[in-house]
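Please look over the sequence and the structure shown here. A short briefing follows, grouped by topic.

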Amino acid sequence: MKRPERAERNGGTGPYGTSVCAGRPVPQRLLAAATRLFADQGYDRTSVQEIVEAAGVTKGALYHYFGSKDDLLHEIYARVLRQQQERLDAVADRDAPVEQRLRDAAADVAVTTIENMDDTKIFFRSMHQLGPEQYRRVRAERRRYHERFRALIEEGQRTGVFSRATPADLVVDYHFGSLHHLGSWYRPDGPLTPREVGDHLADLLLRALRP
């Protein structure tokens, strides 16, 4: 398929009255437009035509970069998960006590979840509408993250730093269950900053693991 160069030069303000495309690469413009529309009116009620109009591109540009509306929904969450995976890998590979590495990882995933709240809320609200292939992909990506996180808990349990009383899988579910509820109560103008929320949740996790 020919690269949609003309679409990249087009402007557009979309239904929100604010340009989502000027000076930005086409994939970013499409993701920004899709995120706004999905958040405002829902994934199932948003058409491809509305997305491309809001991004100021053509349908050819969307299908060139993403292939489908499903691909856009997947990428909205996948870009957050990639960032979280990179940060977790960096923390887990550090030469530091396992208790510190787990605490830093537990706090960081809370902070990055809050910082990308719109993306994560949109995805979890709509992930059941993904096609089978995309659904399998995102489950595999999430599983890789959870397995690396669980490995830190298992390392601490194996070396006696953490209690073995609770299985590592259940500890992981406990922490990430708390994260999945952030969207229902956290407010940017509330009394806690993202870092404070992350610190509190990390402390709760470590208290649950004390021998």
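What percentage of the 211 residues in the protein do buried residues make up? Buried residues make up 45% of the 211, where buried means under 20% relative accessible area, exposed means over 50%, and partly exposed lies in between, with a 1.4 Å probe and protein chains only. This is a predicted model, in which local features need pLDDT of at least 70 and side-chain atom pairs count only at pLDDT 80 or more, while totals for chains, interfaces and linings use all residues. Residues are numbered from 1 along each chain as its sequence is written, and side-chain values use heavy atoms, with hydrogens and water left out.

**Confidence**

- The mean pLDDT of the protein is 87, where pLDDT is the predictor's confidence in each residue, from 0 to 100.
- A pLDDT of 70 or more is reached by 89% of the residues.
- Over residues 1-21, pLDDT stays under 50.
- For residues 1-21 the model has 44 contacts beyond four places in sequence, contact meaning heavy atoms within 4.5 Å.
- Where pLDDT is low, the predicted coordinates should not be read in detail.

**Overall make-up**

- The protein has 11 helices and 0 strands; helices (H or I, at least four residues) and strands (E, at least two) are DSSP runs, numbered from the N terminus.
- Read from the N terminus, the order of elements is α-α-α-α-α-α-α-α-α-α-α.
- Among contacts in the protein with a separation of 6 or more, 68% are between residues 24 or more positions apart.

**Helix H2 with helix H3**

- Two packed helices are described by the angle between their axes and the distance between the axes.
- The axes of H2 (residues 26-41) and H3 (residues 48-55) cross at roughly 125° and come within 8 Å; axes are lines fitted to C-alpha atoms, for helices over the stretch in contact, and angles run from 0 to 180 degrees between N-to-C directions.
- H2 and H3 are therefore oblique to each other, given that angles under 35 degrees count as roughly parallel, over 145 as roughly antiparallel, 65 to 115 as roughly perpendicular and the rest as oblique.
- H2 passes H3 in a right-handed crossing; a crossing is left-handed if the near helix is turned anticlockwise from the far one by less than a right angle, and right-handed if clockwise.
- From H2, Arg 29, Leu 30, Ala 33, Ala 34, Leu 37, Phe 38 and Gln 41 meet Glu 50, Ile 51, Val 52, Ala 54 and Ala 55 of H3.
- The residues of this contact of H2 with H3 divide into 9 nonpolar, 1 polar and 2 charged; Ala, Val, Leu, Ile, Met, Phe, Trp, Tyr, Cys and Pro count as nonpolar, Asp, Glu, Lys and Arg as charged, and the others, Gly among them, as polar.

**Helix H7 and its surroundings**

- H2 and H7 (residues 117-126) have axes that come within 10 Å and cross at roughly 60°.
- That angle makes H2 oblique to H7, and H2 passes H7 in a left-handed crossing.
- Thr 35, Phe 38 and Ala 39 in H2 meet Asp 119, Ile 122 and Arg 125 in H7.
- The contact of H2 with H7 has 3 nonpolar, 1 polar and 2 charged residues.
- Met 117, Asp 119, Thr 120, Ile 122, Phe 123 and Ser 126 are buried in H7.
- The buried residues of H7 pack against H2, H5 (69-92), H6, H8 (132-158) and H10 (182-185).
- Ser 126 has a relative accessible area of 3%, and touches Tyr 43 and Leu 73, not counting residues up to four places away in sequence.

**Helix H9 with helix H11**

- H9 (residues 168-180) and H11 (residues 194-209) pack at an angle of about 160°, with axes 11 Å apart.
- H9 and H11 are therefore roughly antiparallel to each other, and their crossing is right-handed.
- H9 contributes Val 171, Tyr 174, His 175, Ser 178 and Leu 179 to the contact, and H11 contributes Leu 201, Leu 204, Leu 205 and Leu 209.
- The residues of the contact of H9 with H11 divide into 7 nonpolar, 2 polar and no charged.

- Thr 113 is in helix H6 (residues 98-115) and is buried, with a relative accessible area of 10%.
- Leaving aside neighbours within four places in sequence, Thr 113 is in contact with Gln 84, Thr 120, Leu 179 and Leu 182.
- Ala 92, in helix H5, is buried with a relative accessible area of 9%.
- Ala 92 touches Arg 101, Arg 148 and Leu 152, not counting residues up to four places away in sequence.
- Ala 92 and Leu 152 lie 60 residues apart in sequence and 7.2 Å apart in space, C-alpha to C-alpha.
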